[in-house]
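Dear colleague,

I am passing this structure on to you, and below it you will find an account of what turned up when it was examined. Please look through the sequence and the model before reading on.

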Amino acid sequence: MARSGLGLGVRELAEAAGVSTNTITRLEKGEPLKTRTIEAIQAALEAAGVEFIPENGGGAGVRLKKNSNE
């Protein structure tokens with residue numbers, strides 16, 4: 001959801017996170033990844049404007065950060 005919300009392709013996210021496109025595909029399929037790999041992908045998404053929302057009874061999620069110019 002985060003990747004598509006930003007309009008990023010698999011290749012773009014992989015490059016930003018320093019991982020392979022296969023790794024992004026595996027993540028999106030729900031396959032297990034190393035913790036440091038997940039952290040790298042999360043950091044790339046956050047740098048691009050995604051905010052991760054913790055579990056609050058309705059499930060964890062993501063949203064795009066508000067533009068500071070608004």
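What volume does the largest pocket have? The largest pocket has a volume of about 250 Å³. The terms behind that value are as follows: on a 1 Å grid over the protein atoms alone, a pocket is an open set of points where a 1.4 Å probe fits, with protein on both sides within 12 Å along at least five of seven lines, while a cavity is a set from which the probe cannot get out, and a lining residue has an atom within 4 Å of a point. Grid points are joined across faces, edges and corners, and the volume is the space filled by probe spheres set on the points.

Before going further, please note that this is a predicted model, in which local features need pLDDT of at least 70 and side-chain atom pairs count only at pLDDT 80 or more, whereas totals for chains, interfaces and linings use all residues. Residues are numbered from 1 along each chain as its sequence is written, and side-chain values use heavy atoms, with hydrogens and water left out.

The overall layout

The chain holds 4 helices and 2 strands, arranged along the sequence in the pattern α-α-α-α-β-β; helices (H or I, at least four residues) and strands (E, at least two) are DSSP runs, numbered from the N terminus. Its C-alpha atoms fill a box of roughly 35 × 30 × 20 Å, taken along the principal axes. Of the 70 residues in the chain, 21% are buried, where buried means under 20% relative accessible area, exposed means over 50%, and partly exposed lies in between (1.4 Å probe, protein chains only).

The pocket lining

The largest pocket is lined by 13 residues, and Met 1, Ala 2, Leu 27, Leu 45 and Phe 52 lie nearest its centre. Helix 1 (2–6), helix 3 (21–28) and helix 4 (35–48) are the elements that give two or more residues to this lining, and helix 4 gives the most, with 4 residues. By type, the lining divides into 9 nonpolar, 2 polar and 2 charged residues; Ala, Val, Leu, Ile, Met, Phe, Trp, Tyr, Cys and Pro count as nonpolar, Asp, Glu, Lys and Arg as charged, and the others, Gly among them, as polar.

Ala 2, which lies in helix 1, is buried, with a relative accessible area of 10%. Leaving aside residues up to four places away in sequence, Ala 2 touches Leu 45, Val 50 and Val 62, a contact being heavy atoms within 4.5 Å. Ser 4 is also found in helix 1, but at 56% relative accessibility Ser 4 counts as exposed.

In helix 2 (residues 10–17), Leu 13, Ala 14 and Ala 17 are buried. They lie on the same side of helix 2 because they cover an arc of only 100° around the axis, the arc being that of the directions from the helix axis to the C-beta atoms. On the other side of helix 2, Arg 11, Glu 15 and Ala 16 are exposed. The buried residues of helix 2 pack against helix 1, helix 3 and helix 4. One of them, Ala 17, has 12% relative accessibility and touches Ala 40, Ile 41 and Ala 44, not counting residues up to four places away in sequence. Helix 2 is followed by Gly 18, whose phi is positive, near 75°.

With best wishes
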